[in-house]
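My notes follow the display.

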Amino acid sequence: MLDALTVEKHGAETPVSIREDFPILSGTGAAAGAVYLDNAATTHKPTPVLDAIVDYYTTANSNVGRGYHRLAFAATDRFDQARRTVASAIGAGSPDEVVFTGGTTDGVNLVAATAGAELVGPGDQVLITGMEHNSNLLPWRRLCEERGAELVVVPVGPDGATSLEAFDAALGDRVRIAAISHVSNVLGTVNPVREMTALARRRGAVVVVDGAQAVAHRPVDVAGIGADFYCFSAHKMYGPQGVGVLHGRSERLADLPPYRVGGGTVKGVRFDEPVSYVPTPARLEAGTPDVAGAVGLAAAFDYLRRLGFEQVRRHDAELVRYAVSALGEIGGVRVVGAPERDPSGIVSFVVDGIHPYDVGGYLDQHGIAVRCGVHCASTFLDALGLLGTVRLSFGVYNTTEEVDEVCRALRSVRPGTWTAEHPNARFL
Ligand code: PMP
């Protein structure tokens with residue numbers, strides 16, 4: 001049996017279960033007794049992250065970068081420190097390469113609206129893979145529609161992976177931007193982003209990586225990957241919701257016009273003078289930022305660092321292999337893709353003759369939270385020829401016993417009320 005990870009605790013003689021760090025796991029109401037296997041949608045938050053947010057609001061709350069009093073300086077210090085922590089955690093060249101955003105979706109939209117609008121014109125191409133989440137698809141699709149450009153999709157194979165050969169073959173001379181996910185949120189497929197980036201940049205394309213599903217499961221080294229932009233969300237890596245990061249190579253960020261304009265982006269404004277914007281990252285962070293969110297994100301990185309990615313990856317791999325093998329023993333259940341090839345905490349499956357929503361609803365009746373349906377990636381499900389899947393996604397607190405609970409429930413699942421013809425069958 002594989003337990004949740006353990007952590008050293010001050011004053012405790014032996015390491016204690018990491019589950020003790022997550023108050024919601026012993027929570028009441030909707031949280032009571034839940035087996036939470038929907039971590040790819042959002043992870044739970046550990047006490048150190050919650051404490052960091054409360055501490056910010058109780059000891060330093062103020063506005064950043066503008067007030068001229070000690071509390072404002074304290075808040076600005078916390079915000080700057082958070083940026084330094086993130087920069088060092090992801091191997092950024094400097095803290096100025098870290099732009100705080102509202103999350104992955106916000107980061108991709110920022111790049112599409114700024115770099116995208118400058119780079120992409122009529123007849124140009126934007127390349128994405130066939131496994132993209134809507135958040136790394138719709139901003140590019142809209143950009144192409146607005147610019148008279150073409151959205152080109154690298155096909156995925158039957159195993160749900162994009163081959164380097166297919167990617168290379170699609171990289172024609174007209175590709176200005178290649179936008180690729182690091183890890184698929186549907187199947188957990190890991191893209192060779194370093195190699196893909198090298199190929200695309202050699203052909204002159206700007207590379208944007210959607211790292212939403214990578215950051216909680218593997219150490220991300222943005223300099224090593226070498227992309228122009230790398231986006232992720234705090235809430236999928238044990239941090240708070242509604243905040244994230246856009247990492248940009250400094251020379252790329254330096255060229256970007258402001259995304260939104262407003263307070264914090266300018267040196268000063270006069271009606272009779274052109275507007276002069278401050279350098280990035282502040283130029284791209286108009287308005288009051290989510291300072292507590294940034295502080296919470298930094299605390300989440302500290303938390304993961306203390307756990308160590310070696311341990312996190314081992315835990316992921318054991319859970320994924322266990323789930324693949326246990327699900328494989330249940331008649332009518334088929335795991336999609338090859339999640340055990342490079343485990344990233346996700347196992348998606350289908351049950352013969354039963355709609356994924358019926359499976360998800362049945363598991364919920366057993367107190368098990370999973371995601372079912374198209375996972376905001378209906379185009380990927382279309383390519384796989386599936387109506388949807390049921391997705392188990394693991395976090396550091398999950399155990400093989402919880403996988404056993406899923407399997408026990410699956411043995412008695414029956415077709416229910418959902419059908420392919422249901423009006424909402426494909427929307428989520
Ligand atoms: N990309 C991927 C691969 C995702 O899994 C998600 C979240 N499901 C997003 C982008 C969007 O993230 P957010 O909602 O935090 O902006």
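For these notes I take a pocket to be an open set of grid points, where a 1.4 Å probe fits, with protein on both sides within 12 Å along at least five of seven lines; its lining residues have an atom within 4 Å of a point. The model I examined is predicted.

Entry 1, the largest pocket. I noted a volume of about 350 Å³ for the largest pocket. I found 20 residues in its lining, with Val64, Gly65, Gly264, Ala282 and Glu285 nearest the centre. Helix α2, residues 70-89, gives the most to this lining, namely 4 residues. By class, I recorded 8 nonpolar, 7 polar and 5 charged residues in the lining of the largest pocket.

The lining has 25 residues, and His133, Ser135, Ala212, Gln213 and Lys236 are the closest to the centre. I listed the lining of the second largest pocket as 6 nonpolar, 14 polar and 5 charged residues.

Which pocket holds the ligand? I located the ligand in the second largest pocket. The residues around the ligand include Thr105, His133, Asn185, Ser233 and His235. I classed the shell as 1 nonpolar, 8 polar and 2 charged residues.

I found a polar side-chain atom of Asp210 at 2.5 Å from a ligand nitrogen. For Lys236, a polar side-chain atom lies 2.8 Å from a nitrogen atom of the ligand. At Thr104, a polar backbone atom is 3.4 Å from a ligand oxygen. Taken alone, the ligand exposes 390 Å², of which the protein buries 84%.

Conventions:
Residues are numbered from 1 along each chain as its sequence is written. This is a predicted model: local features need pLDDT of at least 70, side-chain atom pairs count only at pLDDT 80 or more; totals for chains, interfaces and linings use all residues. Side-chain values use heavy atoms; hydrogens and water are left out. A residue is near a molecule or strand if one of its heavy atoms lies within 4 Å of it. A polar contact is a pair of N or O atoms within 3.5 Å; within protein, one must be able to donate a hydrogen and the other to accept it, and residues adjacent in sequence count only if both atoms are side-chain atoms. Accessible areas come from the Shrake-Rupley method with a 1.4 Å probe; for residues, only the protein chains shown count as cover. A molecule sits in a cavity or pocket if more than half of its atoms lie within 2 Å of its grid points. Ala, Val, Leu, Ile, Met, Phe, Trp, Tyr, Cys and Pro count as nonpolar, Asp, Glu, Lys and Arg as charged, and the others, Gly among them, as polar. Grid points are joined across faces, edges and corners, and a volume is the space filled by probe spheres set on the points. Helices (H or I, at least four residues) and strands (E, at least two) are DSSP runs, numbered from the N terminus.
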